[in-house]
Amino acid sequence: MKTVLDMTYASGFTFDLFLRRRLHPYYSNLLRNLITDKEFAPMPLSSLPETGSFSMVTDVPDYLDVSLKMESNQLKTKKVKQYQGFLCDLSDCETALDYMSTKFSKKSIKNIRAKKRQLETQYNIVYKNHYGEIDREHYDFLFDRFYDLLKKRFDEKKIQNRYLLVWKTYHELVYPMILRKEASLFAIYDGEEPIALALDFYVEDISFGYIQVFDAEYQKYYMGDVFMMERLDWLLSHTFKIFDFLMGETYYKIKWSNHSYTYHHQLFYKPNSLMGNLKMQYVKAKLQFKQYLRDKGILGKLFSMDRLLYRRMSKKLKGYDWKNP
């Protein structure tokens with residue numbers, strides 16, 4: 001069975017960055033956040049792949065300044081525009097309310113805060129970001145509840161969830177990353193029961209919001225907004241400047257973000273190789289066509305692979321035990 005690292009865009013630049021903590025070997029180890037002008041500390045390089053005459057690096061965000069290594073200059077490159085990404089630039093803010101005042105009307109902020117107060121009045125609410133330390137038994141408990149909430153959401157929305165069948169690998173991956181302050185589990189508890197959970201990753205001054213879910217029974221309290229408000233406050237108190245929602249367009253991301261950016265795939269090919277040139281032209285045309293369908297609202301809106309694959313995945317999940325897959 002594929003591991004989570006295989007499942008998660010195996011050659012993806014961004015996912016290499018925060019999941020593997022490695023930089024693709026084609027790039028110079030000089031990386032900079034163009035929004036905050038923050039330079040990254042040097043990172044280990046991945047092994048040089050067996051590329052032949054053509055290879056591709058996917059999901060390079062345009063707000064990160066990357067440059068090619070000298071050895072890569074022996075290859076020609078083409079950049080192909082792909083998905084949009086969305087993020088919150090927190091550079092000029094001290095609190096979540098500071099940020100919200102630049103995004104929302106006074107009435108909207110008042111409504112969110114009122115729902116938050118109602119939630120906290122009617123339930124025994126505790127907010128906790130597990131970052132740097134967590135008891136292993138409690139970590140196991142949270143991952144179990146996280147899976148249950150994701151599975152419940154999967155059944156409600158009837159769309160594919162790429163995490164459920166590889167949840168054990170996430171479980172093994174994330175614990176040491178939390179201890180190294182490379183990841184966190186943010187939880188909202190009602191008493192001792194988690195009702196909202198988020199898995200976030202951290203690189204320099206960036207937080208990558210990877211997976212989040214909340215119990216739909218609490219939906220009337222604007223749980224998505226309350227959760228976001230608490231996470232932004234935590235980030236600002238720990239000197240993070242960017243919260244990156246990663247790729248894909250949703251109402252929630254557009255609502256909360258104040259900056260959009262573009263991912264591109266970078267194609268590498270040997271200029272004196274006929275096969276390399278043919279592969280590059282084929283892949284470039286295929287990617288451009290898929291992006292055209294996204295831009296027209298056909299792929300991802302009128303036609304969704306996640307909805308198409310739901311039924312197949314639901315069969316695999318019958319009787320599935322994520323701890324013993």
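## Exercises on rings and buried residues

**Exercise 1.** Is Y123 buried, partly exposed or exposed?

*Solution.* Y123 has 29% relative accessibility, so Y123 counts as partly exposed. The cut-offs are under 20% relative accessible area for buried, over 50% for exposed and in between for partly exposed (1.4 Å probe, protein chains only). Now try Y221: at 1% relative accessibility, Y221 counts as buried.

A word on the model before we go on. It is predicted, so local features need pLDDT of at least 70 and side-chain atom pairs pLDDT 80 or more, while totals for chains, interfaces and linings use all residues. Residues are numbered from 1 along each chain as its sequence is written, and side-chain values use heavy atoms, leaving out hydrogens and water.

**Exercise 2.** How many aromatic pairs does the structure hold, and which parts does the pair of F104 and W256 tie together?

*Solution.* Start with the total: there are 32 aromatic pairs (Phe, Tyr or six-membered Trp rings with centres within 6.5 Å; planes under 30 degrees apart are stacked, over 60 edge-to-face, the rest tilted). Next, look at F104 and W256, which pair edge-to-face with 4.9 Å between centres and 85° between planes. Then place them: F104 belongs to the loop between helix 3 (96-103) and helix 4 (106-122), and W256 to helix 8 (residues 251-256), so this pair joins parts 152 residues apart in sequence. (Helices, H or I of at least four residues, and strands, E of at least two, are DSSP runs numbered from the N terminus.) Finally, F104 and W256 are both buried.

**Exercise 3.** Where do Y123 and Y221 lie?

*Solution.* First, the geometry: Y123 and Y221 also make an edge-to-face aromatic pair, at 5.7 Å between centres and 85° between planes. Y123 is in the loop between helix 4 and strand 6 (125-130), and Y221 in the loop between strand 9 (206-214) and helix 7 (223-237), so the pair ties together parts 98 residues apart in sequence.

**Exercise 4.** Which residues do ring pairs link into a cluster?

*Solution.* Trace the rings through F15, F18, Y139, F143, F146, Y163, W167, Y170, Y175, F201, F208 and Y210.

**Exercise 5.** What surrounds S184?

*Solution.* Begin with its place, strand 7 (residues 183-190). With 0% relative accessibility, S184 counts as buried. Leaving aside residues up to four places away in sequence, S184 touches (heavy atoms within 4.5 Å) N129, H130, Y131, I178, A198, L199, D200 and Y202.

**Exercise 6.** How many residues apart in sequence are S46 and H24?

*Solution.* S46 sits in the loop between strand 2 (38-39) and strand 3 (54-61). S46 and H24 are 22 residues apart in sequence, with their C-alpha atoms 5.4 Å apart in space.
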